[in-house]
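Hi there,

Here's the structure I said I'd pass on.

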Amino acid sequence: MRIRGIRAVVTGASRGIGAALARELGRRGAAGLVLAARDAKRLAGVACELRGMKTQVEEVAGDVAWPETAGRIAAAAEALGGLDLVVNNAAVVNEPADLATIPDEEWRRIFETNVLGAVRVARATLPLLARARPGCLLNISSYWGRAGAARFAPYCASKFAIEGLSQSLAEELPETIVCAVNPGVVATDMLATAFGGDVSGYTSPEECARGFADLIESLELADSGRPQTVE
Ligand SMILES: NC(=O)c1ccc[n+]([C@@H]2O[C@H](COP(=O)([O-])OP(=O)(O)OC[C@H]3O[C@@H](n4cnc5c(N)ncnc54)[C@H](OP(=O)(O)O)[C@@H]3O)[C@@H](O)[C@H]2O)c1
């Protein structure tokens, strides 16, 4: 899919990989972007940079774990006049902990954000994506969506769910490219929560975003349902 001229949704676009990807899409000539995240101030900062690149931007400050946020994202995409790409990137990780000490509320927080958030955004935007030829839905997974990790059961289970969601939708939607994408280890706030301490030696979000943009430009309908990796 050629990025120049596309309209895209990126959730979790206030910082980390999502913000870097939004900037990279703008740099490569995306016509319009819907950026979503909870932190309205940070989101506005990213949006301001993108408008400076002549990209039309709609901001949706909201929590993807709230049922109404997906509808607001779809309405913002309508305001762009259509949609070619949706990147379900927003997610949270649990603090490392043994299963016995993780309460139901933490499982709910992780699943409401990482799984139901992605499901609702997909459900609300797929009618718009279906009009693109072909539209593309990228669900950001993780290495931990393909292999388990001690003390990260909620996060790993949520990312395995993302893999299953992506493969099911790829079967269900033969006209749309649907893939789960696993970024490598990237120096973000999430990584600092997961690994603790200084993560500055890892791949930068900007480098990861360039890999994402290259992947997007290479994707074809035949790739739908195939797990993808960005180093
Ligand atoms: N970093 C890595 O090494 C790594 C590796 C594999 C996969 N991933 C995946 O890559 C994606 C991006 O991760 P990251 O490392 O960039 O994480 P991050 O730095 O923690 O950023 C997460 C983004 O998601 C947003 N977000 C979190 N909860 C949200 C909610 N409930 N509603 C709306 N937005 C929400 C955050 O913004 P607000 O706080 O403003 O809402 C932020 O913009 C995630 O899906 C993650 O699982 C990351």
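This is a predicted model: local features need pLDDT of at least 70, side-chain atom pairs count only at pLDDT 80 or more; totals for chains, interfaces and linings use all residues.

Let's begin with strand 2, residues 32-37. This strand is mostly covered, with six of its six residues buried. In a regular strand, side chains alternate between the two faces of the sheet. Here, Gly32, Val34 and Ala36 point one way, while Leu33, Leu35 and Ala37 point the other way, and all are buried.

Which strands does strand 2 pair with? One is strand 1 (residues 7-11), which runs parallel to strand 2 over five bridges. If you want to find one of the contacts, Thr11 has Ala36 in strand 2 as its bridge partner. To get from strand 1 to strand 2, the chain passes through helix 1 (residues 16-27), giving a right-handed β-α-β crossover.

Strand 3 (residues 56-61) is another partner: six bridges join it to strand 2, again in parallel. Look for Leu33, whose bridge partner in strand 3 is Val57. Strand 2, helix 2 (residues 40-52) and strand 3 form a β-α-β unit that is right-handed too.

Now for the largest pocket, which holds about 980 Å³ of space. Its lining is made of 39 residues, and Ala91, Val92, Tyr155, Thr188 and Met190 lie nearest the centre. Helix 6 gives the largest share of that lining, six residues. Among the other elements supplying at least two residues each are helix 1, helix 4 (104-129) and strand 6 (177-183). By type, the lining splits into 18 nonpolar, 13 polar and eight charged residues.

Cheers!

Methods: Residues are numbered from 1 along each chain as its sequence is written. Side-chain values use heavy atoms; hydrogens and water are left out. Buried means under 20% relative accessible area, exposed over 50%, partly exposed in between (1.4 Å probe, protein chains only). Helices (H or I, at least four residues) and strands (E, at least two) are DSSP runs, numbered from the N terminus. Two strands pair if DSSP finds at least two bridges between them. A crossover is right-handed if, with the strands pointing away from the viewer, the path from the first strand over the helix to the second runs clockwise. On a 1 Å grid over the protein atoms alone, a cavity is a set of points where a 1.4 Å probe fits but cannot get out, and a pocket is an open set with protein on both sides within 12 Å along at least five of seven lines; lining residues have an atom within 4 Å of a point. Grid points are joined across faces, edges and corners, and a volume is the space filled by probe spheres set on the points. Ala, Val, Leu, Ile, Met, Phe, Trp, Tyr, Cys and Pro count as nonpolar, Asp, Glu, Lys and Arg as charged, and the others, Gly among them, as polar.
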